[in-house]
Amino acid sequence: MLDSAGLLFEGRARIDRDKQPFALTPELMAQFGFPDAERYDLETVIRYVRPTILIGTSGVAGSFTESAIREMAKHVTTPVVFPLSNPTSKTEASPSNIVTWSDGRALVATGSPFNPVSYAGTTHVIGQANNTFVFPGVGLGVILSGAREVTDKMFLTAAQTLADQVTPERLSKGALYPKVAELRKVSRAIAIRVIQEARDSGIGRAYHDDEIEPTVDAAMWYPVYSAYQPEMCSYENNG
């Protein structure tokens with residue numbers, strides 16, 4: 001983990017208390033082969049750690065530099081890069097730059113919507129890593145299951161279900177998420193699986209398998225309203 005001052009490691013000056021559990025120990029620093037220094041920037045960390053996945057939640061535009069992405073691409077056949085900060089003005093790097101700097105090999109998902117990227121005759125569809133894909137389904141599943149708690153396993157189940165909703169066609173274009181227009185379908189699938197997980201873990205209602213889907217369908221809300229018809233009325237003022 002890095003912040004505005006670079007890599008978090010034990011012995012670094014000024015590490016906020018909430019970040020301290022994520023600081024690398026001296027043993028891990030030695031294992032990765034870091035030389036002694038007071039600060040390690042992103043490119044340096046990538047050079048020594050050789051990560052396969054890079055996630056940005058910095059809110060700092062351009063923090064994924066060309067040199068850092070190219071360094072990552074040296075060591076990874078298919079870099080997975082998620083510049084998640086939004087709005088687009090704060091994204092760590094644009095998808096077009098990431099695809100170009102990785103010679104077209106990176107898989108990219110962003111926090112904000114971006115247009116597809118064309119590179120060397122191939123179109124890369126940029127999936128949107130938005131929490132709206134998971135939270136509605138998890139919330140509905142928790143409510144309908146009557147679960148006493150929301151567990152890590154529920155979120156893992158939701159994540160796996162979300163991955164299952166990505167079609168082979170989208171995967172072939174590099175899109176790691178479904179279309180945002182499929183949110184209702186995705187939420188339904190996640191709610192069903194969350195209810196099953198709550199039941200199987202013993203913290204939710206003991207639904208039979210054939211009861212779960214109808215229960216979810218009956219509870220899903222559709223924003224359909226009757227047309228408003230104003231009533232004609234008169235008003236008399238008698239003083």
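Guide: Let's start with one word: a residue counts as buried when its relative accessible area is under 20%. Keep in mind as we go that this is a predicted model.

Visitor: You mention β3 and β4. What is the order of the strands in the open sheet?

Guide: It goes β3-β4-β5-β8, four strands with parallel pairing. At the edges sit β3 (53-56) and β8 (127-128).

Visitor: What makes β3 and β8 edge strands?

Guide: Each of them pairs on one side only.

Visitor: How do you know that β3 is joined to β4 as a pair?

Guide: Pairing takes at least two bridges between the strands. There are 4 bridges joining β3 to β4 (residues 80-83), so the two strands count as a pair, and they run parallel. If you want a spot to look at, find Leu 54, which faces Val 81 in β4.

Visitor: What holds strands of a sheet together in pairs, in general?

Guide: Backbone hydrogen bonds, in either a parallel or an antiparallel arrangement.

Visitor: Which residues is Ser 145 in contact with, leaving aside its neighbours within four places in sequence?

Guide: Ile 195, Ala 198, Gly 204, Arg 205 and Tyr 207. There's also Ala 206, which is 61 residues away from Ser 145 in sequence, yet their C-alpha atoms are 8.4 Å apart in space.

Visitor: Now for the loops. Why is Arg 50 called exposed?

Guide: Exposed means over 50%, and Arg 50 has a relative accessible area of 51%, so Arg 50 passes the mark. Arg 50 sits in the loop between α2 and β3, and its phi is near 55°, a positive value in a residue that isn't glycine.

Visitor: Why does Asp 103 count as partly exposed?

Guide: Asp 103 has 46% relative accessibility, which falls between the buried limit of 20% and the exposed limit of 50%, so partly exposed is the label. Asp 103 is in the loop between α4 and β5 (107-110). Its phi is positive too, near 60°.

Visitor: Where does Val 150 lie, and why is it called partly exposed?

Guide: Val 150 is in the loop between α5 (135-145) and α6 (152-164). Its relative accessibility of 43% lies between 20% and 50%, so Val 150 is partly exposed. Together with Phe 135 and Phe 155, Val 150 makes a nonpolar surface patch of about 280 Å² accessible area.

Visitor: Last one: what kind of peptide bond joins Asn 86 and Pro 87?

Guide: A cis one, with omega about 10°. Look for Pro 87 in the loop between β4 and α4.

Terms used: Residues are numbered from 1 along each chain as its sequence is written. This is a predicted model: local features need pLDDT of at least 70, side-chain atom pairs count only at pLDDT 80 or more; totals for chains, interfaces and linings use all residues. Side-chain values use heavy atoms; hydrogens and water are left out. Patches are made of residues with over 30% relative accessible area and no salt bridge: like charges are joined within 9 Å, nonpolar side chains (Val, Leu, Ile, Met, Phe, Trp, Tyr) within 5 Å. Accessible areas come from the Shrake-Rupley method with a 1.4 Å probe; for residues, only the protein chains shown count as cover. A salt bridge is a side-chain nitrogen of Lys or Arg within 4 Å of a carboxyl oxygen of Asp or Glu. Buried means under 20% relative accessible area, exposed over 50%, partly exposed in between (1.4 Å probe, protein chains only). Contact means heavy atoms within 4.5 Å.
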